[in-house]
Amino acid sequence: MSVCRYEYDVVVVGAGHAGTEAALAAARMGAHVALLTTNLDTVAQMSCNPAIGGVAKGHIVREVDALGGAMGRAIDATGIQFRLLNRRKGPAMHSPRAQADKRAYQTEIKRIIESQENLDLRQETVLDLLTEGAGDHVRVTGVRAGGGSLYLAPAVILATGTFLQALMHTGETKTPGGRAGEGTTESLSQSLLRLGFQVLRFKTGTPARLNGRTIDYAQTQEQPGDDDPQPFSFLTGKLQVQQLPCWITYTNAQVHELIRANLHRAPMYSGQIRSSGPRYCPSIEDKVVRFADKPQHQLFLEPEGRDTREVYVNGLPTSLPRDVQDQMIHLIAGCQRAHIMRYGYAIEYDYCPPDQLRPTLETKRVSGLFFAGQINGTTGYEEAAAQGLIAGANAALKLQGREALILGRDQAYIGVLIDDLVTCGVDEPYRMFTSRAEYRLLLRQDNADRRLTPWGRDTGLVDADRALRWEQKEAEIARVTQVLQAHRVEGVTLAKYLQRPEIAWADITARLPELAAVQREVVEQVVYDIKYAGYVMRQQEQVARQKRLADRRIPENFDYSAISHLRTEARQKLARIQPVNLAQASRISGVTPADLALLLAHLEGKLGQKSRDWNS
Ligand code: FAD
């Protein structure tokens, strides 16, 4: 039998949220890319909730968009409800979220992929990784797919999500598969183990989906979208969308009683599942046990699309058996007669602890092999998309012999995400929160394009149209700021006047009507630049202090055993993580300031001299 051989620059395995952005990013940068996925009808499928964005996740989508990614444009084109969360808090906390039309979103992402030059999307199941070399010099050469087809490439990105040795649990029933109705990938885990990677297990869960025709919405509370829906993408002008409402209901004492009586049938409590799950997104059984004094938990009934009556019960992930799920749903206000269309389930899957990666998302063990998405122990479509984009860009940059794209913690939530993963690893599924970012005021969702589009332009991730729009917006921000500095009121410039907490943009346009026509996105930047200038400057000073550490680079494959007085714990951790600079080294848990002082002294060739306090 003849074996088919295909040659590419980059092969991406898995067309989920990570794989699609990875393939698009590499292709936009000129690499010839194959995107291989088990089923073309599940490209960019939302395994769980039909929504994009949310607190901190919305920031990530804006950043992915600012770097030319597809997620923001796709949700703008297919969303059915848009809300800006945390509106009452300061701008650093504002986070866009949209309810997706799940099918339409997938179709839109698939359309974007199919239209992308240099990118071939193919239905293939990848069975094995091809490598050459040994010891510290192993490099990837491609993958072997079903039927023996070989896809040869110097860079491979694994973005296989929850599909590695995946097992679904609904009560006592166990079914192999990475998502309801789909299969699992067994052999890739074996390839990874053979190559010496550490492979561990995590779990997550999903709730039941109901037939909306059988829900009595009169017993629930309507939650409409925003009156002035705001887009995710910096390319989308005004959103013209007919929005659908979501509905709020609650669990109650009877539901909790039922769950308690059936805990022994919930795989997590019966000992059937032992791996860790996401703490912030617990199953309903978990919530009832952990928050035993809470009389009710809020649930959102979310439509899965415009052309379907299927409704997602947000807040009720469960692994309880079907009969208990039926009873539980029928005890909830509005759902007494509801029909379950798909039952909830928990899923266990393999992931690779991400401290095995460089900040480029290339593995330390196998040159040219990158991991992105849930395989790295994260959860969430947005976290996956961000990693995909960075892995795809770095695969292309590596092949082009160019400098890697590594975003700092002060530049992007994406930088925070990847630094957390590769520096600290994970002990539970990782999701992004605003609290993980120390420079929140700099990393606002509204300024993602100002922070990142110039990088996108320089790397080739962003096309000329997007770069031009960014330049025009910057020019307009500068013009309006100048107008505010040139006009005076009550003895001060309008810019100074606007700094006063009680003064809003409307007060400015009342005095200078020519500014009334300025676009909302420009006004927002001008106002924040002026009102928050002091806070922003303080954060920038902190960044500058931290940068001194970041500038002290540590050579690749640095030999920590050569630092004789370094504590064993620090030596082992530094050798495993291989930080790229002192700033990253300082964030490794268990590495103390004294260890860093020794490292610094060694790097400067001053060992033996009195260690200097590099923090000062
Ligand atoms: P996926 O979206 O899983 O995509 C992986 C892709 O790889 C799939 O298309 C698959 O077909 C393909 N693939 C796998 N193996 C191969 C192979 N060998 N060859 C070719 N193609 C392959 N996230 C949350 O934020 N909150 C939640 O509450 C939540 N609940 C979840 C519940 C369940 C039951 C599941 C399954 C996931 C849940 N998630 C949740 C996680 C969310 O779905 C993922 O974080 C996100 O989809 C990860 O994106 P990804 O691209 O890494 O992987």
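In this predicted model, a nitrogen atom of the ligand lies 2.9 Å from an N or O atom in the side chain of Thr185. The ligand is surrounded by 35 residues.

**Surroundings of the ligand**

- Among the residues around the ligand, the closest are His17, Ala18, Val126, Gln374 and Gly380.
- Thr38 places a polar side-chain atom 3.1 Å from a nitrogen atom of the ligand.
- At Gly380 the backbone is involved: one of its polar backbone atoms is 2.7 Å from an oxygen atom of the ligand.

**How helix packing is described**

- The angle between the axes and the distance between the axes together describe two packed helices.

**Helices H1 and H10**

- The crossing in which H1 passes H10 is right-handed.
- From H1, the residues His17, Ala18, Glu21, Ala22, Ala25, Ala26 and Arg28 take part in the contact, where they meet Tyr381, Ala384, Ala385, Gly388, Leu389, Gly392, Ala393 and Ala396 of H10.
- Sorted by class, this contact of H1 with H10 holds 10 nonpolar, 3 polar and 2 charged residues.

**Helices H3 and H4**

- Helix H3 (residues 71-78) packs with helix H4 (residues 102-115) at an angle of about 135°, and the axes are 9 Å apart.
- This angle makes H3 oblique to H4.
- H3 passes H4 in a crossing that is right-handed.
- H3 contributes Met71, Arg73, Ala74, Ile75, Ala77 and Thr78 to the contact, while H4 contributes Ala104, Tyr105, Glu108, Ile109 and Ile112.
- The contact of H3 with H4 comprises 8 nonpolar, 1 polar and 2 charged residues.

**Helices H6 and H9**

- Helix H6 (residues 253-261) and helix H9 (residues 322-330) have axes 9 Å apart and pack at an angle of about 165°.
- Because angles over 145 degrees count as roughly antiparallel, H6 is roughly antiparallel to H9.
- H6 and H9 form a right-handed crossing.
- Val255, Leu258 and Ile259 of H6 make the contact with Val324, Gln327 and Met328 of H9.
- In the contact of H6 with H9 there are 5 nonpolar residues, 1 polar residue and no charged residues.

Key. Residues are numbered from 1 along each chain as its sequence is written. This is a predicted model: local features need pLDDT of at least 70, side-chain atom pairs count only at pLDDT 80 or more; totals for chains, interfaces and linings use all residues. Side-chain values use heavy atoms; hydrogens and water are left out. Axes are lines fitted to C-alpha atoms, for helices over the stretch in contact, and angles run from 0 to 180 degrees between N-to-C directions. Helices (H or I, at least four residues) and strands (E, at least two) are DSSP runs, numbered from the N terminus. Angles under 35 degrees count as roughly parallel, over 145 as roughly antiparallel, 65 to 115 as roughly perpendicular and the rest as oblique. A crossing is left-handed if the near helix is turned anticlockwise from the far one by less than a right angle, and right-handed if clockwise. Contact means heavy atoms within 4.5 Å. Ala, Val, Leu, Ile, Met, Phe, Trp, Tyr, Cys and Pro count as nonpolar, Asp, Glu, Lys and Arg as charged, and the others, Gly among them, as polar. A residue is near a molecule or strand if one of its heavy atoms lies within 4 Å of it. A polar contact is a pair of N or O atoms within 3.5 Å; within protein, one must be able to donate a hydrogen and the other to accept it, and residues adjacent in sequence count only if both atoms are side-chain atoms.
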